[in-house]
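Hi,

Here is the structure I promised to pass on. Have a look at it first, then read my notes below.

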Amino acid sequence: MCRLTDLRQAVLERNDSRAERLRTELAARGTVAVNLLSSPGSGKTALLEAELRLARERGLPAAALTADLATENDARRLARSGVPVKQVLTDGLCHLEAEMLAGHLAGWLPKNTRLLFVENVGNLVCPASYDLGESLRVVLASVTEGEDKPLKYPTAFGLAQLVVVTKQDLAQAAGFDREAFLANVRQVNPGVEVLETSARTGLNLGTLLERALSVGEGAAVHRPVMARQAREHAPGDSHAHAEPHAHSGPHPHAEPHPHAEPHAHVQG
Amino acid sequence: MHEMSIAMAVVCQVEEAAREHAAVGVEAVTLRVGELAGVVPEALRFSFGLACEGTVLDGAELVTEHVPGLARCASCAREWATGMPPRLCCEQCGDSRTELLSGRELQIAGVRWVHDPRHALALEEL
């Protein structure tokens, strides 16, 4: 006798539901989380330091959590802005997960924080798969990294709600082909806003803060095409199957399973 | 390499199901992996073998079903295979209101449990 069980469970369901809970908890206390993803050396820390400094000058309660495999260098740099900063050492893990983030925020995140920036591990592959409960996901690339970065890392760029192109002061020297980069972003994530910055010259400094603030005020956030397919157990899924479907004996796969259909309620 | 984290999540979920089904072992786990899921099946298979060690899944086979990326233009209703890297903008009308029909799946489709001789014996005695 062959026993089969039709589980139909999303592999990342646990992370997704924890992230959804964290998003709700943060929203209830008036905090917007921004998840920053990029490859190492893209200039996330420099940009973030400048944005945090600006937040402090404007009296805007911001905080930052930065994750690295090793060293507290980034936390030291970010702390110069004067806002609360926490360094997370992942001990070799290539990404943050929602449960880890929630654990690090507990007892640390100041109550009145309006903007929480999470500087993910410098990596464009793994962090892309993990929802951290953020309300704005930002992917950064510098002009020195090549125009095809969005095509090489389509999941990271495809799921971004804002794309930031850093180090614009080096664009000419690097021979950065702006149009080609924009076309590549459009291919994997049509409609996403692309923001050009330079922490050195101050180009578009403060825009990231403004975008995060408007999300907190309820402004519509870009929904990437890649995020428009319902995950098997999408957040807010009304027919989440807590019970696994147990089928002993021959497996009736001929009948279409309701989960094969895109869930209309998460679209648009 | 987040495939290890994914493999561990799979093992954890199958272990839970194994308890519910009083299973003594797992022959195979079938995973549906979308073209745009950002997961490399070979890396996952390697990690899966390691993650199974010492659990009820020890020795289980990982079967992956590839799900191609498919998109549909909300404006002109054209449907196309997204490819990799995906083309998510309609090339016919240039509209960006694209719906993704498939390709992001990362799902445990099913589990085949190890035949339990005690269970079979119990059936024979009936």
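Let's start with chain B: the C-alpha centres of its domain 1 and domain 2 lie 33 Å apart. Bear in mind throughout that this is a predicted model. The domain assignment puts 3–66 and 104–125 of chain B in domain 1, and 69–102 in domain 2. Where these two domains touch, domain 1 of chain B gives 5 residues and domain 2 of chain B gives 6. On the domain 1 side of that contact you'll find 3 charged residues, 1 polar and 1 nonpolar.

Now for chain A. It has 9 helices and 9 strands, and 48% of its 268 residues are buried. If you take the contacts in chain A with a separation of 6 or more, 80% of them are between residues 24 or more positions apart.

There is also an annotation to know about. An unreviewed UniProt entry places the feature "domain: CobW/HypB/UreG nucleotide-binding" at residues 35–195 of chain A. In the model, that span is 33% helix and 22% strand, and its end C-alpha atoms lie 16 Å apart.

One helix of chain A is worth a look on your screen: H8, residues 178–188. Its buried residues are Phe181(A), Asn184(A), Val185(A), Gln187(A) and Val188(A). Why do they end up on the same side of H8(A)? Because they cover an arc of only 155 degrees around the axis. The general rule behind this is that an α-helix has 3.6 residues a turn, so residues three or four places apart point the same way. As for what covers the buried residues of H8(A), the list includes helices H5 (149–152) and H6 (154–158), along with strands S7 (162–166) and S8 (193–196), of chain A.

Last, how the two chains meet. The contact takes 38 residues from chain A and 35 from chain B. On the chain B side, helix H1 (3–20), strand S5 (98–102) and strand S6 (106–113) each supply at least two residues. The largest share comes from S6(B), with 8 residues. By type, the side of chain B that touches chain A has 18 nonpolar, 11 polar and 6 charged residues.

S6(B) also pairs with a strand of the other chain: S1 of chain A (residues 3–10) runs antiparallel to S6(B), over 6 bridges. To find the spot, look for Gln9(A), which stands opposite Ile108(B) in S6(B).

Happy to go through any of this with you.

Cheers

Terms used:
Residues are numbered from 1 along each chain as its sequence is written. Chains are lettered from A and ligands numbered from 1 in the order in which they are written. This is a predicted model: local features need pLDDT of at least 70, side-chain atom pairs count only at pLDDT 80 or more; totals for chains, interfaces and linings use all residues. UniProt positions are given in the numbering used here, feature names are shortened, and annotations may be inferred rather than shown by experiment. Helices (H or I, at least four residues) and strands (E, at least two) are DSSP runs, numbered from the N terminus. Two residues are in contact if their C-beta atoms, placed from the backbone, lie within 7 Å. Ala, Val, Leu, Ile, Met, Phe, Trp, Tyr, Cys and Pro count as nonpolar, Asp, Glu, Lys and Arg as charged, and the others, Gly among them, as polar. Two strands pair if DSSP finds at least two bridges between them. A residue is buried if 20 or more other C-beta atoms lie within 10 Å of its own, exposed if 12 or fewer, and partly exposed in between; C-beta atoms are placed from the backbone. Domain bounds come from an automatic or database domain assignment. The arc is that of the directions from the helix axis to the C-beta atoms.
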